[in-house]
Amino acid sequence: MKEKVLNALMILTVLLCLGITLNSRTPETKPVLSTKNTFLSASPSPTLHPLDASKKERNNQRKQTIDSLTFLAQDDASGLQSQAQAFLLSMQSVSHAETAVESMLTAMGYEKNMCILQKDGLLIFTEPRVKKEDVMPIIQSAADISGLPLEKIRLMTP
């Protein structure tokens with residue numbers, strides 16, 4: 001039961017971060033005071049592709065979760081050491097599988113990609129559209145990496 005709650009919280013966190021990232025706008029640039037007391041316009045920050053922004057946000061959220069779980073795993077007073085360690089191992093496994101699939105996609109020429117591994121399936125997002133001849137090799141490789149059956153893998157392209 002606790003695993004389901006933790007998995008649900010992790011999925012909700014990833015989806016919330018994805019939504020926030022996709023809906024955020026770039027801030028307006030304002031002049032920056034230089035060391036010579038003159039105003040210079042700040043160079044606009046490059047806008048990240050939505051998939052890259054989502055990956056960055058996912059990784060930031062994951063780092064915060066790992067830090068919290070590491071603290072719990074080392075805290076004798078909490079009584080949650082074994083649960084925190086188990087969840088850390090689960091997160092590590094998920095992270096490795098997602099990274100492996102994302103690396104495979106990048107090697108195939110789909111540099112803008114993101115994978116979300118869930119208990120009941122794997123979502124693969126790519127841009128540009130996947131070529132027809134690449135669909136089955138991608139899905140088969142993702143199945144091999146994740147250990148999920150083919151029907152549990154979804155390939156999402158524009």
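I took contact to mean heavy atoms within 4.5 Å. With that cut-off, I looked at contacts in the protein between residues at least 6 apart in sequence and found that 51% of them join residues at least 24 apart.

**Ground rules.** I worked from a predicted model, in which local features need pLDDT of at least 70 and side-chain atom pairs count only at pLDDT 80 or more, while totals for chains, interfaces and linings use all residues. I numbered residues from 1 along each chain as its sequence is written, and side-chain values use heavy atoms, with hydrogens and water left out.

**Overall layout.** I counted helices (DSSP runs of H or I, at least four residues) and strands (runs of E, at least two), numbered from the N terminus. The secondary structure comes to four helices and five strands, and from the N terminus on I read the elements as α-β-β-α-α-β-β-α-β. For burial I used relative accessible area, with buried under 20%, exposed over 50% and partly exposed in between (1.4 Å probe, protein chains only). On that scale, buried residues make up 28% of the 158 residues.

**The sheet.** I treated two strands as paired if DSSP finds at least two bridges between them. Three strands form an open sheet with mixed pairing, in the order β3-β4-β5. Because β3 (112–118) and β5 (153–156) stand at the edges with a single partner strand each, one side of each is left without a neighbour in the sheet. Neighbouring strands here are turned by 10° against each other on average, direction ignored; for such angles, axes are lines fitted to C-alpha atoms, for helices over the stretch in contact, and angles run from 0 to 180 degrees between N-to-C directions.

I then went through the pairings. β3 and β4 run antiparallel and are joined by seven bridges; the two form a hairpin with two residues between them, and M114 stands opposite F125 in β4. Strand β4 (residues 121–127) runs parallel to β5, with four bridges joining them, and the bridge partner of L123 in β5 is R154.

Next I looked at the helices against the sheet. Helix α2 (residues 50–74) packs on the sheet and touches β3 and β4, its direction making about 45° with that of β3. α4 also packs on the sheet, touching β3, β4 and β5, and its direction makes about 135° with that of β5. Five of the seven residues of β3 are buried, so this strand is largely enclosed by the rest of the structure.

The bond that joins E127 and P128 is cis, with omega about 10°, and P128 lies in the loop between β4 and α4.

**D134.** I found D134 in helix α4 (residues 132–146). I counted Lys and Arg as positive and Asp and Glu as negative, leaving out His and the chain ends, and took a salt bridge to be a side-chain nitrogen of Lys or Arg within 4 Å of a carboxyl oxygen of Asp or Glu. D134 is buried yet has no salt bridge, the nearest side chain of opposite charge being K131, 4.3 Å away. Its side chain does make a polar contact of 2.6 Å with that of Y110 (a pair of N or O atoms within 3.5 Å; within protein, one must be able to donate a hydrogen and the other to accept it, and residues adjacent in sequence count only if both atoms are side-chain atoms). Not counting residues up to four places away in sequence, D134 touches M108 and Y110.

**Salt bridges.** My search of the whole structure gave six salt bridges. One of them pairs K112 with D52, the closest N and O atoms being 2.7 Å apart; this pair links distant parts of the chain, K112 in strand β3 and D52 in helix α2, 60 residues apart. K112 is partly exposed at 31% relative accessible area, and D52 counts as partly exposed at 23%.

I also looked up K55 and E102, whose side chains meet in a salt bridge of 3.9 Å, N to O, and which lie 47 residues apart, K55 in helix α2 and E102 in helix α3 (residues 81–107). K55 counts as buried at 16% relative accessibility, and E102 is buried at 6%.
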